[in-house]
Amino acid sequence: MEGSDSKNRSLLIVWTSGDREVARNMVFMYAANAKKHGWWDEVTLLVWGPSQKLLTEDHQLRHELADMLELGVHIAACKACADRYAVSEDLERLGVEVFYTGQFLTDWISSAGRVITF
């Protein structure tokens, strides 16, 4: 993508599904490989809604999350949702950056950043 700005070389994956199979066999697989193989310069996984609860309860997903963090995938979570599920502190302990993400997502989309949603 020669000549493109940095936002065009960055991907935001919005993960909202509470489905474990979607997490393991699409979201986590693509996020990790996109970073590992340089498909995107920056990969951010935004954990939002039911996916937050699933992540804090599933040992294998927590392990795979740690692997993604080691690869350099940025992991963030919506604080409003995390507070509703009472998992904000659990997510932070996993290395997830927890903050109010509505404006972040709006800014990303407004800047023509790349977004995929599950």
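Let's start with Cys-81, which counts as buried at 15% relative accessibility. Buried stands for under 20% relative accessible area and exposed for over 50%, with partly exposed in between (1.4 Å probe, protein chains only). This is a predicted model, so local features need pLDDT of at least 70 and side-chain atom pairs count only at pLDDT 80 or more, while totals for chains, interfaces and linings use all residues. Residues are numbered from 1 along each chain as its sequence is written, and side-chain values use heavy atoms, leaving out hydrogens and water.

Cys-78 is buried too, with a relative accessible area of 5%. A disulfide would be a pair of cysteine sulfur atoms within 2.5 Å, and the structure holds zero of them.

Next comes the interior. A nonpolar core is a set of buried Ala, Val, Leu, Ile, Met, Phe, Trp, Tyr and Cys residues joined through side-chain atoms within 4.5 Å. The largest one has 26 residues, and Trp-15, Leu-45 and Ile-75 are among those with the most contacts inside it. Helix H1 gives the largest share, six residues. Helices (H or I, at least four residues) and strands (E, at least two) are DSSP runs numbered from the N terminus. A second, separate core of nine residues includes Val-14, Ala-76, Leu-105 and Trp-108.

Contact means heavy atoms within 4.5 Å. Not counting residues up to four places away in sequence, Leu-45 touches several residues, including Ile-13, Phe-28, Met-68 and Ile-75. Ser-51, placed in helix H2 (residues 50-57), is buried at 0% relative accessibility.

Now for the strands. Five of them form an open sheet in the order S4-S3-S2-S1-S5, with parallel pairing; two strands pair if DSSP finds at least two bridges between them. Strand S4 (97-99) and strand S5 (114-117) are the edges, each pairing on one side only. From one strand to the next, the twist averages 25°. S3 and S4 are joined by three bridges, and Ala-77 has Val-98 in S4 as its bridge partner.

Finally, helix H6 (residues 102-110) lies across S1, S2, S4 and S5 and runs at about 135° to S1. Axes here are lines fitted to C-alpha atoms, for helices over the stretch in contact, and angles run from 0 to 180 degrees between N-to-C directions.
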